Amino acid sequence: MSTTTQKHRNFVGEPMGDKAVTTLSGIGEILGKKLQQQGFDKAYVVLGQFLLLRKDTELFAEWLKDTCGADSRQAESCTQCLKEWCEAFL
């Protein structure tokens, strides 16, 4: 299993609430701004897209790459973060 960042552990370890999109693992300020420009300003809005794609990790990673220009590592990090959050809270 791959190691996770503190940002990842912090996100997965508690309810999402009204967190900013930049609290997602793999999403920094630049990608966060690009997502915000597309209407994805909160982590729960990105989670909604993940759920609309039926938690399909490959589809979601491709969506992230297409939507905000995430690279493979960033997309995988965000996808894994949301997947683990869903396993813990849904």
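This is a predicted model: local features need pLDDT of at least 70, side-chain atom pairs count only at pLDDT 80 or more; totals for chains, interfaces and linings use all residues.
Residues are numbered from 1 along each chain as its sequence is written, and side-chain values use heavy atoms, with hydrogens and water left out.

**Stop 1: helix H4**

Select residues 57–68, which make up helix H4. Helices here are DSSP runs of H or I with at least four residues, strands are runs of E with at least two, and both are numbered from the N terminus. H4 has 12 residues and reaches 16 Å from its first C-alpha to its last, close to the 16 Å expected at 1.5 Å a residue. That expected span is 1.5 Å times one less than the number of residues.

Now show the side chains of Phe60, Ala61, Trp63, Leu64, Thr67 and Cys68, the buried residues of H4. Why are they on the same side of H4? They cover an arc of only 160° around the axis, which puts them there; the arc is that of the directions from the helix axis to the C-beta atoms. Buried means under 20% relative accessible area, exposed means over 50%, and partly exposed is in between (1.4 Å probe, protein chains only).

Turn to the face of H4 directed away from its buried side, and you will find the exposed residues Glu58 and Asp66. Contact means heavy atoms within 4.5 Å.

Asp56 caps the N-terminal end, with a side-chain oxygen 3.1 Å from the backbone nitrogen of Glu58. Just after H4, Gly69 takes a positive phi of about 80°.

**Stop 2**

Keep Phe60 and Trp63 selected. They both lie in H4, 3 residues apart, about one turn of the helix. Phe60 has 0% relative accessibility, and Trp63 has a relative accessible area of 15%, so both count as buried.

Rings of Phe, Tyr and Trp (its six-membered ring) pair if their centres lie within 6.5 Å; planes under 30 degrees apart count as stacked, over 60 as edge-to-face and the rest as tilted. By this rule the count comes to 4 aromatic pairs. Phe60 and Trp63 form a stacked pair, 5.5 Å centre to centre with 25° between the planes.

**Stop 3**

Select Ala43, Val46, Leu47, Gln49 and Phe50, which are buried in H3. They cover an arc of only 155° around the axis, which puts them on the same side of H3. The buried residues of H3 pack against helix H1 (6–12), H4 and H5.

Now move to the loop between H3 and H4, where you will find Arg54 and Lys55. Arg54 has a positive phi of about 60° although it is not a glycine, and Lys55 likewise has a positive phi of about 60° without being a glycine. Are these residues buried or exposed? Arg54 counts as exposed at 74% relative accessibility, while Lys55 counts as partly exposed at 45%.

**Stop 3: Lys19**

Go to the loop between H1 and H2 and select Lys19. At 16% relative accessibility, Lys19 counts as buried. Not counting residues up to four places away in sequence, Lys19 touches Asn10, Phe11, Glu14, Lys42 and Ala43. The side chains of Lys19 and Glu14 are joined by a polar contact of 2.8 Å. A polar contact is a pair of N or O atoms within 3.5 Å; within protein, one must be able to donate a hydrogen and the other to accept it, and residues adjacent in sequence count only if both atoms are side-chain atoms.

**Stop 4: the cysteines**

A disulfide is a covalent bond between the sulfur atoms of two cysteines. In this search, the sulfur atoms must be within 2.5 Å. How many disulfides does a search of the whole structure find? The search finds 0. Select Cys81, which is in no disulfide: the nearest cysteine sulfur, that of Cys78, is 6.3 Å away. Cys81 is buried, with a relative accessible area of 0%.

Finish at Cys86. Its sulfur is 9.7 Å from the closest cysteine sulfur, in Cys81, too far for a bond. Cys86 also counts as buried, at 3% relative accessibility.
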